[in-house]
Amino acid sequence: MEKVEDLLKDLRLSEAEKKGLHIGCPGEKEAGSGGALVLQKVLSEKPAYAEGIAASLGKVWCPLKGTLCKPIRDNVFLFTFLQPSGRRKALEDGPWKVGNDLLVVEEFIPEKSLDEYAFATFLIWICIFKLPLGRMNQETGEAIGIEVGDFVEAEVGGDGTAVGEFMRIKVRLKVAEPLRREILLQVGGGDTVKWCNFEYEFLPEFYFTCGVVGHEDKCCNIVLGKGEKQQYGK
């Protein structure tokens with residue numbers, strides 16, 4: 001879809017069109033003033049239905065009072081939470097899925113038009129394996145989170161450490177980028193390096209060739225050559 005700026009650059013506007021109109025005056029009724037809202041998009045070629053989403057995820061987000069779900073474009077929905085805590089859960093937890101397809105949640109901002117919502121990121125917990133036990137701490141989790149995406153939090157104890165089989169971090173990832181499978185760490189000031197592999201919790205559907213979430217085989221531009229294997233399993 002062409003941007004408005006591109007469509008208008010070759011047009012000669014009339015005086016009436018140049019004049020414009022001011023909206024959003026104080027006291028004006030604003031969408032969302034009667035409840036907590038978010039916008040959601042199901043990343044799938046298959047159609048999703050408001051009733052099904054409200055029935056499944058609505059019970060998770062607002063078990064007492066429920067939710068309202070209104071379709072506003074193909075696989076895009078406006079959600080009204082009848083409990084404020086439901087909105088916080090939808091925005092701060094995740095990933096959320098409809099079937100096995102990723103549901104991207106964005107905060108409702110009254111000043112934004114529908115086309116200005118990118119639905120470009122999602123939250124997910126990553127388990128990091130093979131870390132040096134003495135380096136399983138807040139600082140390591142934050143450093144890895146920043147390298148992988150946008151760091152949100154690390155699951156550590158009161159002393160800031162998380163010694164165990166693996167360490168959990170929550171990050172915000174870009175939908176369009178391939179999933180990272182591991183990370184190469186240089187430990188301390190020496191020459192010791194370690195490959196630490198990732199496991200993603202509640203991972204939605206993704207394409208095993210390119211590793212992009214919300215992506216079906218038929219929509220991918222990558223074609224395997226003869227004898228090549230899918231890099232993300234089968």
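This note goes through the predicted model point by point, from the whole chain to single residues.

1. **Basis.** The model is predicted, so local features need pLDDT of at least 70 and side-chain atom pairs count only at pLDDT 80 or more, while totals for chains, interfaces and linings use all residues. Residues are numbered from 1 along each chain as its sequence is written, and side-chain values use heavy atoms, with hydrogens and water left out.

2. **Overall make-up.** The protein has 5 helices and 10 strands. Helices (H or I, at least four residues) and strands (E, at least two) are DSSP runs, numbered from the N terminus. Of the 234 residues, 38% are buried; buried means under 20% relative accessible area, exposed over 50%, and partly exposed in between, with a 1.4 Å probe and protein chains only. The accessible surface is about 15,000 Å², and carbon and sulfur atoms hold 52% of that. These areas come from the Shrake-Rupley method with a 1.4 Å probe; for residues, only the protein chains shown count as cover.

3. **Contacts along the chain.** A contact means heavy atoms within 4.5 Å. Among contacts with a separation of 6 or more, 63% join residues 24 or more positions apart.

4. Five strands line up in the order E2-E3-E1-E5-E4, with antiparallel pairing. Two strands pair if DSSP finds at least two bridges between them. E2 and E4 are the edge strands, each pairing on one side only. Neighbouring strands are turned by 35° against each other on average, direction ignored. Axes here are lines fitted to C-alpha atoms, for helices over the stretch in contact, and angles run from 0 to 180 degrees between N-to-C directions.

5. **Pairs within that sheet.** E2 (residues 67-73) is joined to E3 by 6 bridges in the antiparallel sense, and Arg-73 stands opposite Val-76 in E3. The two strands form a hairpin with 2 residues between them, and Asn-75 in the turn has a positive phi of about 60°. E1 and E3 also pair in the antiparallel sense, over 6 bridges; Gln-40 stands opposite Phe-77 in E3.

6. **Helices on the sheet.** Helix H3 (residues 50-61) packs on this sheet and touches E1, E2, E3, E4 and E5, its direction making about 40° with that of E3. H4 packs on the sheet too, touching E1, E3, E4 and E5, at about 120° to the direction of E5.

7. **A residue to look at in H4.** Arg-87 lies in helix H4 (residues 84-92). Is Arg-87 buried or partly exposed? Arg-87 counts as partly exposed because its relative accessibility is 22%. Leaving out residues up to four places away in sequence, Arg-87 touches Ala-36, Leu-37, Val-38, Phe-81 and Glu-107. Trp-61 is 26 residues from Arg-87 in sequence and 7.2 Å from it in space, C-alpha to C-alpha.

8. **The other open sheet.** Five strands follow the order E7-E8-E6-E10-E9, again with antiparallel pairing. The edge strands are E7 (150-154) and E9 (182-186), each pairing on one side only. The twist averages 35° from one strand to the next. E7 and E8 (residues 166-174) run antiparallel and are joined by 4 bridges, and Ala-154 stands opposite Ile-169 in E8.

9. **Nonpolar cores.** A nonpolar core is a set of buried Ala, Val, Leu, Ile, Met, Phe, Trp, Tyr and Cys residues joined through side-chain atoms within 4.5 Å. The largest has 32 residues, and Ile-126, Ile-128, Leu-131, Ile-144, Leu-173 and Phe-198 touch the most other members. A second, separate core of 19 residues includes Cys-69, Phe-81, Ala-90 and Trp-96.

10. **Cysteines.** How many disulfides does a search of the whole structure find? The search finds 0, a disulfide being a pair of cysteine sulfur atoms within 2.5 Å. Cys-69 is buried at 18% relative accessible area, and Cys-127 is buried at 7%.

11. **Backbone points to check.** The peptide bond from Gly-94 to Pro-95 is cis, with omega near 0°; Pro-95 is in the loop between H4 and E4 (96-98). Phe-119, in the loop between E5 and E6, has a positive phi of about 50° although it is not a glycine. Phe-202, in the segment after E10, has a positive phi of about 55° and is not a glycine either. Phe-119 is buried at 7% relative accessibility, whereas Phe-202 is exposed at 61%.
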